[in-house]
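Open the model in your viewer and keep the selection panel at hand. The stops below follow one another.

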Amino acid sequence: MAKYIDADALKQKIANSVAKITGKVTPDGLSALARRQNMIDKMPAADVEPVRKWIPCSERLPEPGVKVLIYKRWEGKVTHRVTFSIEFALVNHDGLWISPSEWDINGTAVAWIPLPEPPKMDGGSE
């Protein structure tokens with residue numbers, strides 16, 4: 001897995017290391033520091049999106065009207081088997097889970113996760 005760094009923090013760490021090694025700031029030390037900091041500035045930024053994690057419903061619910069994915073638990077009426085599934089849903093203003101078609105969901109929402117941003121399509125339309 002890749003690690004992502006804070007460029008400003010890295011530049012400061014390099015500056016501290018150069019000062020510690022040389023004991024003082026010399027022209028050569030400043031030149032070396034400037035070269036390294038310039039290299040860091042030229043590095044391409046990673047296009048990183050925050051990791052999305054499932055949020056337990058017992059911890060908090062999404063804002064009313066915001067569509068999310070829910071992980072729900074339900075028990076079959078005939079087989080009485082416990083099943084888990086994922087579906088689109090939202091919380092209404094009464095704090096109840098409903099499907100986007102305004103029907104109550106069957107089962108119990110256990111956790112939810114925000115939807116990602118939709119893809120950008122050529123021509124600007126989504």
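Leaving aside neighbours within four places in sequence, which residues is Leu33 in contact with? They are Lys11, Ile14 and Ala15, where contact means heavy atoms within 4.5 Å.

This is a predicted model, in which local features need pLDDT of at least 70, side-chain atom pairs count only at pLDDT 80 or more, and totals for chains, interfaces and linings use all residues. Residues are numbered from 1 along each chain as its sequence is written, and side-chain values use heavy atoms, with hydrogens and water left out.

Stay on Leu33, which sits in helix 2, residues 27-42 (helices are DSSP runs of H or I with at least four residues, strands are runs of E with at least two, numbered from the N terminus). Its relative accessibility is 13%, so Leu33 counts as buried (under 20% relative accessible area, 1.4 Å probe, protein chains only).

Next, select Leu90 in strand 3, residues 82-91. Leu90 is buried, at 10% relative accessible area. Beyond four places in sequence, its contacts include Gly65, Val66, Leu96 and Pro100. Pro64 is 26 residues away in sequence, with 6.8 Å between the C-alpha atoms of Pro64 and Leu90.

Now select Ile55, Cys57, Val68, Ile70, Ala89, Val91, Trp97, Ala109 and Trp112, the nine residues of the largest nonpolar core (buried Ala, Val, Leu, Ile, Met, Phe, Trp, Tyr and Cys residues joined through side-chain atoms within 4.5 Å).

Finish on Val68: among its contacts beyond four places in sequence are Pro62, Phe88, Ala89, Trp97 and Trp112.

How values were computed
Buried < 20%, exposed > 50% of the residue type's maximum accessible area, 1.4 Å probe, protein only.
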